[in-house]
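Trainee: Please give me a close look at one part of this model, the side-chain pairings and the elements they link. I am new to it, so please give each term its cut-offs.

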Amino acid sequence: MKRKQLAAAAALVAAAGLIAACAGGDKLRVSSGTVLQNATVVDTRSGKATAGVSIVIDGGRILAVTDGPVELSGSARAVDATGKFVVPGFNDMHSHAMQYANQSPTFWPLLIANGVTGIREMSGTPDTIAAARRLNADSAAGRADAPEILLATGPILVGIATPEQGVQAVRATKAMGADFVKLFQASRDATIAIFAEAKQAGLPVAGHLPGAAVSGREASDWGMRALEHYGAGYGIGLDCAGDETAIRAALVGGKGAPTPYNPNIATYRVGDAPFYQRILDTYSESKCVDLAKTFVRNDTWMVPTLIRLRTIADSGDPAFMNDPNLKYVDQARRQTWRAYGTATRRDIPTAAQATFVNYYPFQQRLTKLLKANGVRMLTGTEVNAVMVIPGFSLHQEFRELAGAGLAPLEILQMTTLNAAQFLGREATMGTVEAGKNADLVLLDANPVLDVANLDKVAGVVLKGRYLPAAALDKMKADVAAAYANSTATVSARLADDGHRD
């Protein structure tokens, strides 16, 4: 850090009375908080790694980032970060944790231990929204260890048939204090009314394409802020089909499987398989590129949740059924998930199953195309759906994105810098800089060189509190131990776990 930058950092923190420049030199004197010494800071904008850096943290904020000398006194704590690569905390921007948090003590430890310091909550009630606000306050005050609930919505808009119902649903969402409207299923006319009322209410709309009657291009033009799972179901794949007009007309006319107004659908429906196959068979790259231009023009973001799309395609894959990380899931839920995976492979005819499985690599190709054409993206996983294990699922998402052809820096940006940009919070998160929130992840290797290095979590700073690897390992071990001897009963929880939203 240049001398004038060091002086500026000293001035910033000196104003708080926590750190001061020593007289006659560039040394910083720190009397409280934590200093990560000899760290390597990764710039999430450029990917540049700067070694030999001290990161001064106090009061939940980064007070200075300097390569100059730092002198500790008083209660200040030094942490040797030699060989560690420091990045902002990870954000899972599609989560359903709050609705289960009261049922299980495991969600927050598993997220934190995997470096997740922020989540975007994608379904809820007035009670869960209020609980999210309380949790954030308790976490900021040091009364609880949990990721920040960055945004929270209310009930998913499902089965909205008329414009009047759409207007009332948006107004109810606004009244309960939600941050955005979550769209799932609605008629075309109701969807138009939902977007218009949400704009009037100052609420963004995110979620699914509400049915075949509304295209991804139209939803973007009407103001869709973010599409989850590429719109789910056929999603934007239908926009990219050369046979789009005929397929859409057939679906709107009642062909294919009946459309259930139910968000708890975790598998594809057999009656839809021929239409998925037609999308695959008539794919038009030029149409998809044009769609990407629409998303860029309208600033419509994508939250691919590739790990969730993969589990929807085939939750019976042995890679999921035998995942060693299932030990971090309670036995009842674990057995329910496995029963579900077995049922999907058993009950879906071979030809239809092949189509659905093949739709996933198609969605991966869409990921690469959209990213290459400037569409902005976020990482998300749909925590708590079948085979989506809290915390670990985000690292699975990193690997799926890499499999789609994204570079390690692009993936790092999706879970850090892009989240800050999406939220309009670049002043407080997204990079490791003075003035930013002290939510950080320490890694054992450079994440820009290999996406696998994002898995090598060696420490976490949560709201300014440093948690070493031993503490993170204990969090995970405690969860596994709690579930090791729990009773297991396959129950009616299947619908709960299977949500595809």
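Mentor: What follows goes from aromatic pairs to salt bridges, and then to a few helices, strands and loops.

This is a predicted model, in which local features need pLDDT of at least 70 and side-chain atom pairs count only at pLDDT 80 or more, while totals for chains, interfaces and linings use all residues. Residues are numbered from 1 along each chain as its sequence is written, and side-chain values use heavy atoms, with hydrogens and water left out.

Start with the rings. Rings of Phe, Tyr and Trp (for Trp, the six-membered ring) pair if their centres lie within 6.5 Å; planes under 30 degrees apart are stacked, over 60 edge-to-face, and the rest tilted. The count by this rule is 12 aromatic pairs. Phe90 and Phe398 are edge-to-face, because their ring centres are 5.5 Å apart and their planes stand at 80°. Phe90 belongs to strand β9 (residues 90-95) and Phe398 to helix α15 (residues 392-403), so this pair links distant parts of the chain, 308 residues apart. Helices here are DSSP runs of H or I with at least four residues, strands are runs of E with at least two, and both are numbered from the N terminus. Phe90 has 0% relative accessibility and counts as buried; Phe398 is buried too, with a relative accessible area of 0%. Buried means under 20% relative accessible area, exposed over 50%, and partly exposed in between, with a 1.4 Å probe and protein chains only.

A second pair also involves α15. The rings of Tyr328 and Phe392 have centres 4.8 Å apart and planes at 15°, so they are stacked. Tyr328 is in the loop between α12 (318-321) and α13 (331-347), and Phe392 is in helix α15, 64 residues away. Tyr328, at 10% relative accessibility, is buried, and Phe392 is buried at 12%.

Elsewhere, Tyr234, Tyr268, Tyr276, Tyr283, Phe356, Tyr359 and Phe362 make up one aromatic cluster. A ring can also face a charge: the charged end of Arg120 sits over the ring of Phe180, 5.2 Å from its centre. The rule asks for NZ of Lys or CZ of Arg within 6 Å of the ring centre and within 35 degrees of the ring normal.

Next come the salt bridges, of which the structure holds 29. Each is a side-chain nitrogen of Lys or Arg within 4 Å of a carboxyl oxygen of Asp or Glu. In the one between Arg29 and Glu71, the closest N and O atoms are 3.4 Å apart. Arg29 is in strand β2 (residues 28-30) and Glu71 in strand β6 (residues 70-72), so the pair ties together parts 42 residues apart in sequence. Arg29 is partly exposed at 37%, and Glu71 is partly exposed at 31%.

Glu244 takes part in two of these bridges. With Arg248, its closest N and O atoms are 2.8 Å apart; the two residues are 4 apart in helix α8 (residues 244-252), which means about one helical turn between them. Both Glu244 and Arg248 are buried. With Lys287, the corresponding distance is 2.5 Å. Lys287 lies in helix α10 and Glu244 in helix α8, so this bridge ties together parts 43 residues apart in sequence. Lys287 is partly exposed at 22%, whereas Glu244 is buried at 11%. Shared partners join Asp239, Glu244, Arg248 and Lys287 into one network of salt bridges.

Helix α16 (residues 408-415) brings back β9 and α15. In α16, 6 of the 8 residues are buried: Leu409, Ile411, Leu412, Gln413, Met414 and Thr415. These buried residues pack against β3 (34-42), β8 (85-88), β9, α15 and α17 (417-423), where contact means heavy atoms within 4.5 Å.

Asp299 is in the loop between α10 (285-298) and β15 (301-303), and its phi is near 55°, a positive value in a residue other than glycine. Most residues other than glycine have a negative phi. Strand β15 is part of an open sheet of 4 strands, in the order β12-β13-β14-β15, with parallel pairing. Two strands pair if DSSP finds at least two bridges between them. The edge strands are β12 (181-183) and β15, each pairing on one side only.
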